[in-house]
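Please study the sequence and the structure before reading each solution.

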Amino acid sequence: MGIIKISGDEEGISEIRITDSTKKVSEETPSLLLPAVQQLKTYFEGDLKAFNLKLNPTGTTFQKKVWTALLKIPFGKTISYLELSRKIGDVKAIRAVAAANGKNPLWIIIPCHRVIGSNGSLTGYAGGLDRKKWLLEHENPSLQQSLF
C-alpha cells in the first residue's frame, strides 16, 4: 500500500495518509501514536473491523458532518455518494459530500474508501483507485479470485 504517515497529539489523531514517498521514515514511534499504529497493523492483518481511537481531524463543520457519517458505514459494506448525501440530510449536496469525502484526512480510520458510485463503480479516491480496490477487497474478500 505504501508508507503510512500518522500525525496527532494529545487531542487525537489528526491525519493518516498513505504515501509513495521515499523519504526517510522515523524508526521511533511517539507513544501517543502507538495505539493507531497497533490498530492499523491489526486491521491490515485482517483482525480488526472497527477502530477505537481518539480522532481530531481538521475541517469545516460540513466536512466533519460528512466524516461522522462515514464512520457509520459498517466494515465490509459500501454506500453511494447519493446515499451518503441522504444520510447527512441533503440529497442535493452530493457534489459537496464528494468533495468533503475527498478531503478526509484520516484515511482508512474514517472509511472514505467505502463510498462508491451509484452504479457500483469505484469513483475517486485520494489514495488512488488501486488502493481503494485493495481496501474494499480486504474488507470483503471474494471467494473467487479477481479476474483483473
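**Exercise 1.** Is Glu137 buried, partly exposed or exposed?

*Solution.* This is a predicted model, in which local features need pLDDT of at least 70, side-chain atom pairs count only at pLDDT 80 or more, and totals for chains, interfaces and linings use all residues. Residues are numbered from 1 along each chain as its sequence is written, and side-chain values use heavy atoms, with hydrogens and water left out.

Step 1. Buried means under 20% relative accessible area, exposed over 50%, and partly exposed in between (1.4 Å probe, protein chains only).

Step 2. The relative accessible area of Glu137 is 36%, so Glu137 is partly exposed.

**Exercise 2.** With which residue does Glu137 form a salt bridge?

*Solution.* Step 1. A salt bridge is a side-chain nitrogen of Lys or Arg within 4 Å of a carboxyl oxygen of Asp or Glu.

Step 1. The partner is Lys133, with the closest N and O atoms 3.1 Å apart.

Step 2. Helices (H or I, at least four residues) and strands (E, at least two) are DSSP runs, numbered from the N terminus. Glu137 and Lys133 are four residues apart in helix H5, which separates them by about one helical turn.

Step 3. Lys133 is partly exposed as well, at 28% relative accessibility.

**Exercise 3.** Which parts does the salt bridge between Arg114 and Glu139 tie together?

*Solution.* Step 1. In this pair, the closest N and O atoms are 2.7 Å apart.

Step 1. Arg114 lies in the loop between helix H4 (94–102) and strand E4 (115–116), and Glu139 in helix H5 (residues 129–139), so the pair joins parts 25 residues apart in sequence.

Step 2. Arg114 is buried at 5% relative accessibility, and Glu139 is buried at 6%.
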